[in-house]
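Please read it with the sequence and the structure at hand.

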Amino acid sequence: MGNRFICMTKKDTRETGSKSKRMSSVLGGRSQRKMLSEEEMLHRQALSMAIQQHQLSQRFDGSMSRRIGGSTSSRRRNLPESFSNSKQVPEFLENIKGKKIVLVHGEGFGAWCWYKTIALLEESGLLPTAIDLTGSGIDLTDTNNITSLSDYSKPLINFLQNLSEDEKVMLVGHSSGGACVSYALEHFSNKISKAVFLCATMVSDGQRPFDVFAEELGSAELFMQESKFLIYGNGKTNPPTGFMFEKQLLRGLYFNQSPAKDVALAMVSMRPTPLGPIMEKLSLSPENYGIARRFFIQTLDDHALSPDVQEKLVRENPPEGVFKIKGSDHCPFFSKPQSLHKILLEIVQIP
């Protein structure tokens, strides 16, 4: 009698295995449908936010995309359970509520690229502001007329200058936007609580932002002479003024893990990058930049700024903390928004 439960027949084994597989399939299907549903919700938010951002751009002349979208409470149900469980949220939100984060995009992008991050940060009680750098996003400045890092960073500098005397913000810079963050740290270190470099150009004193990409693009001199991506806004007889990668190359370099809808958004929204700012050597002093609290987020499936190059940046210019996102391409705000959000919340809470 006892052996009946231990020694199962081949038929019993097959039936049990079949039931187990069916159960796993059902559970797996439910999990996948849940993930797809959450992703669809985010994309619906994106469409709504894009429309509202366009409306804002018609009313404001500034190059700053402020908190866009609906109220925090109206979005709570659209986020994953880990961020909408009422038993977990209150105490957590109280610790970080009202803290300001300024998001600085990288080359070719604009404030629009942060739409998922903005929604998630607002849901957690933070106050995110996404900046359009000069000649980017809805800022209509001709990129051919942007010749210096100070010109390019002007919207960020204006924002910092307008903060109240005792107010501080956390900066997050993506890709070449890291150079703008470094520039801000040098000139407004007293206004910045922390600086996060997201697979970004965290350069040392005397370095150019372009130098970080030299392994992928070749030397600056060679790039200036031979690259087919250069833009000659002042005529072929004058030095190039900007660059813009071909769409197919962008897909492989920047978006190898990003959802198709986000790639489509980027393809119609990206603009040329001014060349002057990324070819400018930064002057960073120990008494300003040197005292800043810096953090670096590495993206481990990045084809634009390889993990090896990111590791080299961290090794040569050590930050206070280093975080890693597995399976992320060069745009974690698209490919791994939840992982990025979790890390940003962790950094915000560091004393």
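K100 counts as partly exposed, at 32% relative accessibility, where buried means under 20% relative accessible area, exposed over 50% and partly exposed in between, with a 1.4 Å probe and protein chains only. The structure is a predicted model, in which local features need pLDDT of at least 70 and side-chain atom pairs count only at pLDDT 80 or more, while totals for chains, interfaces and linings use all residues. Residues are numbered from 1 along each chain as its sequence is written, and side-chain values use heavy atoms, with hydrogens and water left out.

The side chain of K100 meets that of E167 in a salt bridge, a term for a side-chain nitrogen of Lys or Arg within 4 Å of a carboxyl oxygen of Asp or Glu. Because K100 lies in strand 2 (residues 100-104) and E167 in the loop between helix 8 (154-161) and strand 4 (169-174), the pair ties together parts that are 67 residues apart in sequence; helices (H or I, at least four residues) and strands (E, at least two) are DSSP runs, numbered from the N terminus. A search of the whole structure finds 4 salt bridges, among them the following.

| Salt bridge | N to O distance |
|---|---|
| E167 and K100 | 2.4 Å |
| D211 and R208 | 3.2 Å |
| R293 and E320 | 2.7 Å |

Leaving aside residues up to four places away in sequence, F255 touches F109, L250, V263, A266, M267, M270, D329, C331 and F334, contact meaning heavy atoms within 4.5 Å.

The search also finds 1 cavity of 30 Å³ or more, a cavity being a set of points on a 1 Å grid over the protein atoms alone where a 1.4 Å probe fits but cannot get out. The largest cavity has a volume of about 50 Å³, and its lining, formed by residues with an atom within 4 Å of a point, includes E107, L250, Y254 and M270.

Definitions and conventions: 1 Å grid on protein atoms, 1.4 Å probe; cavity = no way out; pocket = protein on both sides within 12 Å on 5 of 7 lines; lining within 4 Å. Points joined across faces, edges and corners; volume = space filled by probe spheres on them.
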